[in-house]
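Please look at the sequence and the model first.

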Amino acid sequence: MSYEMWIILTGSLVGVTCGTIGCLLIIRKMAMLSDGISHTVLLGIVLAYLISQSLSSIYMLIGALIIGMLTAFLVQFLYNRGIHTDASIGIVFTSLFALGVFLVSIYARQVHLDIDHVLMGEITFVPWNRLTLFGVDLGPQAVWMLGTVLVINTVILIIFYEPIKISSFDPVLATALGINVVFIHYLLMGMVSLSIVASFESVGSILVVTMLIVPGATAYLMTKRLSTMIAVSAMVGILGSVVGYAIAYWFDVSIAGAMSVALGLIFAIVFILQLIIKKMYQRSHRGKIHVT
Amino acid sequence: MKKFMMMFAIVMILFLAACGSGENNGKGQNGEIVITTTTGQIADAVTNVGGDLVEVEALMGPGVDPHLYQATQSDIRKLGNADMIFYNGLHLEGNMGDILEQIDSEKPTKAVANGLPDDQLQQDMENPNEVDPHIWFDLDLWALVVNYIADELSEFSPENEEIFRENAENYQEELEELKTYAEDELATIPDESRILVTAHDAFGYFATAFDFEVIGIQGLSTDSDYGVADIQDIVSVLVDHEVKAVFTESSVSERAMESVIEGAERRGQEVTIGGELFSDAMGEEGTEQGTYIGMFKHNIDVIVSSLK
């Protein structure tokens, strides 16, 4: 496979993984939590480094995952005590992120652990960061990692689809039906953290935040059925990475940046189309009333 | 929904078709060895050693700070099509270093710092744990790098070894001349004025080679922020040593420098901005500062004219 294809495949995997998770966040009105977690993982990465004294990615992954969960937990904790979700996300994410920056500047100055460098996987270099097992070249590491996360997410989603759906739209009903709402919440937050961390490693932060929110938001404009929304969102994610790659090729710019721009454009087009369709629908409707 | 699926499929197919074409691998137009380097300095050295036998491209263009480098789409082609890759090493390229190490299993990808004996490398001024990667500011080390490049090129293309060796020797002579020039010029600066205040400490090797004291405001990486204490320390040094000028860099903003100057003025020490030094990046291609020697000369001239 050519380098280009690996990059597009990686982008698409991020698109599908984050696009799916993003839908669940959006219907829970917690889209900004993804932004929050994508910042607080810095703290996890720094702590992992300080404890393990190594820049190996497995420790960073675990550290990031733990802090991601902690972020979700703290946000929920504050929310339960009467602080609005958006405010509590704002509080938790800025303070944990600041703590991360603080620790970097005290202990980890020597290491190339500045925010950009640790967090930034760079999608451009994905084809060269290969996974070899027993001397066999299995292709880019990122593809394997993202693929694994995607499989885990899909399995969880299939098993827990109904409980997730009900508890997202109507937590009270869910509780009445005997669904463990708290468990579902943390299951979901675990999926979010895992997806964010894995995507971060491979493609860097800008693209992750975009991929988590924009495809889901676009799909939400087109449908109100959760299953359709997830499918559309995944496709928008893929479309964004393909079109984005084309833009990057055309203008010779950062690939992750171009993919984010492409997603923004897709959202804008869908948004405008949807407005036009609504207008037309209303007009034809009104016309009918006049005639009869 | 169906329409959406159709559109989706069409875009994908069109794109894949567009992608499939336009793949060419290795070898320049007239059979040159295609070489990609990370920094402009290395590109310049490789061009001088390889002459007409190589076609060199750098990932980081003029004015691009390696610490802040962002990959673009064409870098895939540059890395993918190259026959050989040279990079600096010693963590100058950050995380990209890991990737480059991996590419080595596919095609020769060499860190030029490998050509240097360990005892000639020096610690970074601020962080004793890390080796200072700015090796191009020591002309003797750079001459060793030129040798290393000649070695590696000869290994890749043994039939041209003589040409590479001869080119390398000629270039080393030029570097030797540059060294004499630098020593003569810098000798005009009185000992007590040999303090170089720059925006970030890229000049460690320069300082050792030419007996300067270097003070940088920011840390090793241009990314890290400067602290208030750093600035005050530097202001004190400026006042105590009556330093006449401080220097900006092509790849670093002037803001930090300006606060230092202001601080010194408040304490009665007149300091001017001595001019712009090239630190991590070189000048525009085609200009004199776009070559390694031109860049080095520029730095020497700027330093001499403002500290003399």
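**Confidence in chain A**

- The pLDDT, the predictor's confidence in each residue from 0 to 100, averages 86 in chain A, and 92% of the residues score at least 70.
- Where pLDDT is low, the predicted coordinates should not be read in detail.

**Helix packing in chain A**

- Helices (H or I, at least four residues) and strands (E, at least two) are DSSP runs, numbered from the N terminus.
- Helix 2 (residues 31-52) of chain A packs against helix 10 (residues 205-222) of chain A at an angle of about 165°, with the axes 9 Å apart.
- This makes helix 2 of chain A roughly antiparallel to helix 10 of chain A (angles under 35 degrees count as roughly parallel, over 145 as roughly antiparallel, 65 to 115 as roughly perpendicular and the rest as oblique).
- The contact (C-beta atoms, placed from the backbone, within 7 Å) involves Ala31(A), Ser34(A), Asp35(A) and Ser38(A) of helix 2 of chain A, and Ser205(A), Val208(A), Val209(A), Leu212(A) and Ile213(A) of helix 10 of chain A.
- The axes of helix 10 of chain A and helix 11 of chain A come within 8 Å and cross at roughly 125°.
- Helix 10 of chain A is therefore oblique to helix 11 of chain A.
- Residues making this contact include Met211(A), Pro215(A) and Gly216(A) of helix 10 of chain A, and Met229(A), Val232(A) and Ser233(A) of helix 11 of chain A.

**A loop residue in chain A**

- Gly82(A) lies in the loop between helix 3 (57-80) and helix 4 (85-107) of chain A.
- With 7 C-beta neighbours inside 10 Å, Gly82(A) counts as exposed (a residue is buried if 20 or more other C-beta atoms lie within 10 Å of its own, exposed if 12 or fewer, and partly exposed in between, with C-beta atoms placed from the backbone).
- Gly82(A) and Ser284(A) are 202 residues apart in sequence, and their C-alpha atoms are 46 Å apart in space.

**Chain B overall**

- Chain B contains 10 helices and 8 strands.
- Of its 308 residues, 44% count as buried.
- Among contacts in chain B between residues at least 6 apart in sequence, 64% join residues at least 24 apart.

**Helix 2 of chain B**

- In helix 2 (residues 40-50) of chain B, 11 of the 11 residues are buried, so this helix is largely enclosed by the rest of the structure.
- What covers those buried residues includes strand 1 (33-37), strand 2 (54-58), strand 3 (84-87), helix 5 (139-156), helix 6 (161-186) and helix 10 (292-307) of chain B.
- Gly51(B), with a positive phi near 60°, follows helix 2 of chain B.

**Positive phi in a loop of chain B**

- Leu90(B) is located in the loop between strand 3 and helix 4 (96-103) of chain B.
- Although Leu90(B) is not a glycine, its phi is positive, about 55°.
- Leu90(B) counts as buried, with 20 C-beta neighbours inside 10 Å.
- His91(B) lies in the loop between strand 3 and helix 4 of chain B, and has a positive phi of about 70° although it is not a glycine.
- His91(B) is buried, with 20 other C-beta atoms within 10 Å.

Methods. Residues are numbered from 1 along each chain as its sequence is written. Chains are lettered from A and ligands numbered from 1 in the order in which they are written. This is a predicted model: local features need pLDDT of at least 70, side-chain atom pairs count only at pLDDT 80 or more; totals for chains, interfaces and linings use all residues. Two residues are in contact if their C-beta atoms, placed from the backbone, lie within 7 Å. Axes are lines fitted to C-alpha atoms, for helices over the stretch in contact, and angles run from 0 to 180 degrees between N-to-C directions.
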